[in-house]
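Thanks for coming. I will show the structure and then go through a few of its parts in turn.

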Amino acid sequence: MDRFVWASGLLEINETLVIQQRGVRLYDGDEKTKFDLGTLLLSTHRLLWRDQKKHDCCISSPLSQIIFFEEQAAGIGKSAKIIVHLQPVPPNKEPGPYQSSKYSYIKLSFKEHGQIEAGRVRAVGIVGIERKIEEKRKETDKNISEAFEDLNKLMKKAKEMVDLSKLIANKIKDKQGDISEDETIRFKSYLLSMGIANPVTRETHGSGTHYHMQLAKQLAGMLQAPVEERGGMMALTEVYCLTNRARGMELLSPEDLVNACKMFEALNLPMRLRIFDSGVMVVQLQSHNEDEMIASALETVSEKGFISSEEYAKLMGISVLLAKERLLLAEKFGHLCRDDSVESLRFYPNLFLTQD
């Protein structure tokens, strides 16, 4: 017991608890001690014993002091024990409960069982710690290898999907031969995840203006239907998410998306990039009628009496961001007025236009 020193009971930096067990009594060799009933804690650095009633009573010994341990089975009227054999007392030892002892070992008596679990923990002493570290390293290496193997399988499958989609697209475009039933089934199964069969990339179309022109043409064709479904206007953030989801692994940067959308009008494509006064950017159909949009907002607000951006978004099935911009646009042209309070921003019909 003279190897133990007084401790706070708290784990130190980089120290990890391995196992703990209640109802443990300490023996100095074969003799009972005053450390009768406590919790035994085995960490990566120390063996600690803490009194279950007096929590400020805690002693510890570094694992470097442990040579080996052996198990002692329970007998009639005797609890199971673990015998821990210890190194000699170091010369620079800190104060502890015992100044000296005639024994070179201690016994751990388990009143509430748990000796089997504690006996299974072989990470004692420096050798045990090194063994644990080596086992952890091997396990980590195995996990990394398995992860890379799965990634390689995924990349291989993705390449097959891209090649198949290009094959189908070329057959449809060139009208060369019939598409087999097997190819059709496989193509349909991949269609939702692929989106764009042959996305425009810098590798295929170079860089700079030419790349953005080709990208703009592809975006216009892909966005036509979804923009129409959303009433002729879609926030650029939504466009970005929709586009990259359709492009699969050929992700598009926000900068390239904006530059491509800026070319819609110059290329006479059926949509354009619009920037509201607030700075919000949207993709809008060229055929989009702004007067109809303002009239629709005014009609809805007049029916409701007043409305917030959130309520208007729910009614129209659009994002809150676009709903607010539509209401602000109607306000800009004098059809609506606002009440901006702590409750929320609400829009009302402009009665000055309808009443004398």
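The second largest pocket holds about 240 Å³ of space, and the model it sits in is a predicted one. There are 15 residues in its lining, and those closest to the centre of the pocket are Val5, Arg46, Ser60, Pro62 and Glu94. Which elements give two or more residues to this lining? They are strand S1, residues 5-6, and strand S6, residues 58-62. S6 supplies the largest share, with three residues. By residue class, the lining of this second largest pocket divides into five nonpolar, five polar and five charged.

Now to the helices. Two packed helices are described by the angle between their axes and the distance between the axes.

Start with helix H5, residues 208-229, and its packing on H7. The axes of H5 and H7 are 8 Å apart, and the angle is about 80°. Angles of 65 to 115 degrees count as roughly perpendicular, so H5 is roughly perpendicular to H7. On the H5 side the contact has Tyr211, His212, Leu215, Ala216 and Leu219. These meet Asp256, Leu257, Asn259 and Ala260 of H7. Sorted by class, the residues of the H5 contact with H7 are six nonpolar, two polar and one charged.

H7 also takes part in the next pair. Helix H6 covers residues 236-247 and helix H7 covers residues 254-261; their axes come within 11 Å and cross at roughly 110°. H6 is therefore roughly perpendicular to H7. The crossing of H6 past H7 is right-handed. From H6, the residues in the contact are Leu236, Val239 and Tyr240, and from H7 they are Pro254, Leu257, Val258 and Cys261. How many of the residues in this contact of H6 with H7 are nonpolar, polar and charged? Seven are nonpolar, with no polar and no charged residues. Note that Leu257 of H7 is in the contact with H6 and also in the contact with H5.

The last pair is helix H8, residues 290-304, with helix H10, residues 320-332. Here the axes come within 9 Å, and they cross at roughly 95°. That angle makes H8 roughly perpendicular to H10. Glu290, Met293, Ile294, Ala297 and Val301 are the H8 residues in this contact, and they meet Arg326, Leu327, Leu329 and Ala330 of H10. The contact of H8 with H10 has seven nonpolar residues, no polar ones and two charged.

That is the end of my part.

Notes:
Residues numbered from 1 in each chain as written. Predicted model: local features only at pLDDT ≥ 70, side-chain atom pairs only at ≥ 80, totals over all residues. Heavy atoms only, no water. Axes fitted to C-alpha atoms, helices over the stretch in contact; angles between N-to-C directions. Helix = DSSP H or I, 4+ residues; strand = E, 2+ residues; numbered from the N terminus. Parallel < 35°, antiparallel > 145°, perpendicular 65-115°, else oblique. Left-handed = near helix turned anticlockwise from the far one by under 90°. Contact = heavy atoms within 4.5 Å. Nonpolar A, V, L, I, M, F, W, Y, C, P; charged D, E, K, R; others polar. 1 Å grid on protein atoms, 1.4 Å probe; cavity = no way out; pocket = protein on both sides within 12 Å on 5 of 7 lines; lining within 4 Å. Points joined across faces, edges and corners; volume = space filled by probe spheres on them.
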